[in-house]
Amino acid sequence: MSRKLTGGLLLVFFAVLAIGYAGVMPFGDDSPREVTDDNGVAANGDPVEVGEAIYSQQCSGCHTIDGSSGVGPTFQGLYGSEVTMEDGSTVIVDGDHLLLAITDPRATNREGYPDVMPSFDNLSEDEIAGLVAFIESLE
Amino acid sequence: MSTAATTVNHAATRDEAHVETDQQMWTIKGQLITSLAALGLGGFIGMFQAIERIQITLPPFGPFENYYQGLTFHGVLLAFVFTFGFANSFVSWTTMRGFGRPLRSNMLAQGSFWLLLGGTVLGAIILTLNEATVLFTFYAPMQAHSTFYLAAVFLVLSTWATLANIVLTYRAWRAEHPTEAVPLMGFVSITTYIMWGLASLGVAILVLGMLLPWSLGIMDNTDPQLGRTLFWLTGHAIVYFWLLPVYISWYMMIPKQVGGRLYSDGLTRFVFILFLLFSIPTGLHHQYTDPGIHEGMKSIHLLLTFVIFYPSLITAFTIMAALEHGGRRAGGKGLFGWVMALPWNNPAVVAQLLAMLVFTLGGVTGLVNASLTVNMVIHNTAFVPGHFHLTVGTAVALSVLGICYWFVPYLLQKPLFSPKLALWQAWLWAIGVLIFSRGQMSGGLDAQPRRTMLGEASYSLPGWEVANWLTAIGGVVMTISGLLFFVVMIGTFLNKRAETPEERGALDPPMPDPPIHDHRKSWKVFDRLGFWTLVAFILILIAYIPVLMLYLPAEFSSPGVRVW
Amino acid sequence: MKIDRFEKIFMLLGVGVLIAGLIAIAISVIHYGIHLPSPDGRIAPAEVRATSPFDEPGVYETGDGEYEVIMLAETWRFVPDEVRVPAGSEVTFRIASPDVVHGMLIEKTAVNVMIIPGQISEVTHTFDEPGEHLFVCHEYCGTGHHLMSGRVVVE
């Protein structure tokens, strides 16, 4: 590698260092942000779309929609299926069951899954309805 | 060492090669191959984490079920397998060369290799099965499959086997040379491993005494706060176990490779003694925000953490002086003229010079982490991985790549494939990591949490987008650089063996000349290794007994949880 | 032992720099009254949800402009995940975990604390200006870790 090229690369290195890191050092504005009251999901859309938006934000970490395994049960084909609970009883998954599972999951834990799902009782009624519609749409 | 090293012709190093027996050299190669395989796989997985931040999820993290499984692979392979394998390989070799004799025990050398390989394979299997997605810190009460903890035991035992072998080799040498000063290269090798031997006690007690029996169901509950304290007793010192093998190269080989000489034998010993003494009693600075540990204890560890910064500060001067010495001998003039006179066409040197440059930034950001006030702003944010990709991810990793550019050709007796590609590798890595860490650190200052699947997170703040893009771009540049490294290595492997004496001579390792102020001017007390080991152990007790006394009785009330 | 002049100067300067750093930290600790989290009691994870005060998490006014937030950090949410207080309030968070290790970081504050099963975490912060602060879990706590957040709304 020629001296010129080496010198050039050293210049690039220090330029990245100087420009990049100079910008980090002074802390930004530390005044708090304005209060926002939406959580990014359009409230008046098609329920399935609302549900899908909620799903990708809050559920996709654990529940897949393609049948593959995850921390929790997959949503594919979930609606209408018969599932076994932790206590050995069986339930047909319908809208009421999903509502309960979303708002009080520890009461509806499925057999073979860890008891770790948080309650999503902070979601609005429309959002929960959207989510149920979305799950129902996944045959 | 000094007699052989003062002669610079190749015949001298040929003579020294008799210390390298076939029974031991294959283990040194085996450890290195395992280490580099872990680097390749672990690094490649890292790219998926970087680009996840800009919401690119390529065939979902390879074979993995989720982001955190890949992240666990990345951490375990790079923080444990890559570093342990390299240290076992390289420091065993510097021990042989330092003391001018083979390692004392073939069995320990081979045992060390099999333990490393066994631990790696066990760990890889259990991680692939998604039974141990607990990240490399495996904080209880997240409970992995017991095989995961067993794999950790194997990996640590592998380093202990090498430690025992180095100590036995030293004792055999001492028996034959009762009055001589410990050869410098032997000294730095053995202090590195003694430090790690003491440091690893914390994690050994944690895994054998708490986590393994708990994962096997022998114990029902565990104490997460006590576990973290034991983990970090080892967890800060481990970074010096990553770093010191590289320091051995910087102190021993780099001066020779730039045509200069190390300044002072005594200060080199002083620096390594400081690492032995102060690496370990500093662990609480990783726990400033832990609720169960008293504030006063944290402040004491803050003081000790500043002490352990000091040997690296001396190193900055010493190595710079050796570089300047070499640069001026090569005709460099003026205040900075010597810089351009350094061998910028030698990839082994360039990779390590760039690693040193990046390390200055890594050191400064490390002080930021250690300062308990500022730590409240950046603790567990993306700032921290930003910092340690500058240190272990570059100062160590890029230096290891640089060392491989002469060590691998020497071991294989085959010339390096395409030094030009190797040079580009080094530059790309250095510039890539600056971009990557700039992204991580600015994100961290804007409250971006670390080890989080940010592309899918349910929250985001203004400013994160720029940070994520920089992280992703830097990560991709580093991946390209890593690919170049493996092209060079595979090319070297496929090269023809060196046949003529000239060809073979060109592959001889850069063995150090004696320092300008050699061992006759050093304090003899540095050589009393047993004494220093004892002092180091007492310092650990002083630093940790009050912490435990304030903490005990332990709180064994947490059952294991699986959350993945 | 032979140490060269420049090396000696550098070594002394190094000591000076580190001492200066420590002094700067000490001054900032005293001047701003910064406290690190310190022991505030213990609680077994299995008993968290059933033991006072954590059986009733929420925001409580404890005095003039003083609030206490009793909070659960569990997989993968904070309870409560929205804390509303008037500007100028001094807010003390007391947090416990019934499952694994969590963390809490409130943006643009120095509130940064680990939440470790078995231990109670306590941190205090005064929110002077109206606005919104995101808080997130900053320790890996499972596959839903990146969903765990909340906000402090200062009114």
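B:Ser312 is buried, at a relative accessible area of 15%. That value falls under the 20% limit for burial. The model is predicted.

**Around B:Ser312**

B:Ser312 belongs to helix α11 of chain B. Which residues does B:Ser312 touch, leaving aside those up to four places away in sequence? They are B:Tyr247, B:Phe275 and B:Phe359. Another residue of chain B, B:Leu233, is 79 residues from B:Ser312 in sequence. In space, the two C-alpha atoms are 20 Å apart.

**The pair α11 and α13**

B:Ser312 is also one of the residues through which α11(B) contacts α13(B). Helix α11 of chain B covers residues 295-329, and helix α13 of chain B covers residues 347-370. A pair of packed helices is described by the angle and the distance between the two axes. Here the axes come within 11 Å and cross at roughly 160°. Are α11(B) and α13(B) roughly parallel or roughly antiparallel to each other? Angles over 145 degrees count as roughly antiparallel, so α11(B) and α13(B) are roughly antiparallel. The crossing of α11(B) past α13(B) is left-handed.

From α11(B), the contact draws on B:Leu302, B:Thr305, B:Phe306, B:Phe309, B:Ser312, B:Ile319 and B:Leu323. From α13(B) come B:Leu353, B:Met356, B:Phe359, B:Gly363, B:Leu367 and B:Ala370. By class, 10 of these residues are nonpolar and 3 are polar. No charged residues take part.

**Around B:Thr120**

B:Thr120 sits in helix α5 of chain B, which spans residues 106-128. Is B:Thr120 buried or exposed? B:Thr120 is buried, with a relative accessible area of 15%. Not counting residues up to four places away in sequence, B:Thr120 touches B:Thr34, B:Val81 and B:Leu155.

**Chain A**

Now to chain A. Its secondary structure consists of 4 helices and 2 strands. What pattern do they follow along the sequence? The order is α-α-β-β-α-α, with the two strands between helices. The table gives overall values for this chain.

| Property of chain A | Value |
|---|---|
| Share of the 139 residues that count as buried | 35% |
| Share of contacts between residues at least 6 apart in sequence that join residues at least 24 apart | 44% |
| Share of the accessible surface that belongs to carbon and sulfur atoms | 54% |

The accessible surface of chain A comes to about 7,600 Å².

Terms used:
Residues are numbered from 1 along each chain as its sequence is written. Chains are lettered from A and ligands numbered from 1 in the order in which they are written. This is a predicted model: local features need pLDDT of at least 70, side-chain atom pairs count only at pLDDT 80 or more; totals for chains, interfaces and linings use all residues. Side-chain values use heavy atoms; hydrogens and water are left out. Buried means under 20% relative accessible area, exposed over 50%, partly exposed in between (1.4 Å probe, protein chains only). Contact means heavy atoms within 4.5 Å. Accessible areas come from the Shrake-Rupley method with a 1.4 Å probe; for residues, only the protein chains shown count as cover. Axes are lines fitted to C-alpha atoms, for helices over the stretch in contact, and angles run from 0 to 180 degrees between N-to-C directions. Angles under 35 degrees count as roughly parallel, over 145 as roughly antiparallel, 65 to 115 as roughly perpendicular and the rest as oblique. A crossing is left-handed if the near helix is turned anticlockwise from the far one by less than a right angle, and right-handed if clockwise. Ala, Val, Leu, Ile, Met, Phe, Trp, Tyr, Cys and Pro count as nonpolar, Asp, Glu, Lys and Arg as charged, and the others, Gly among them, as polar.
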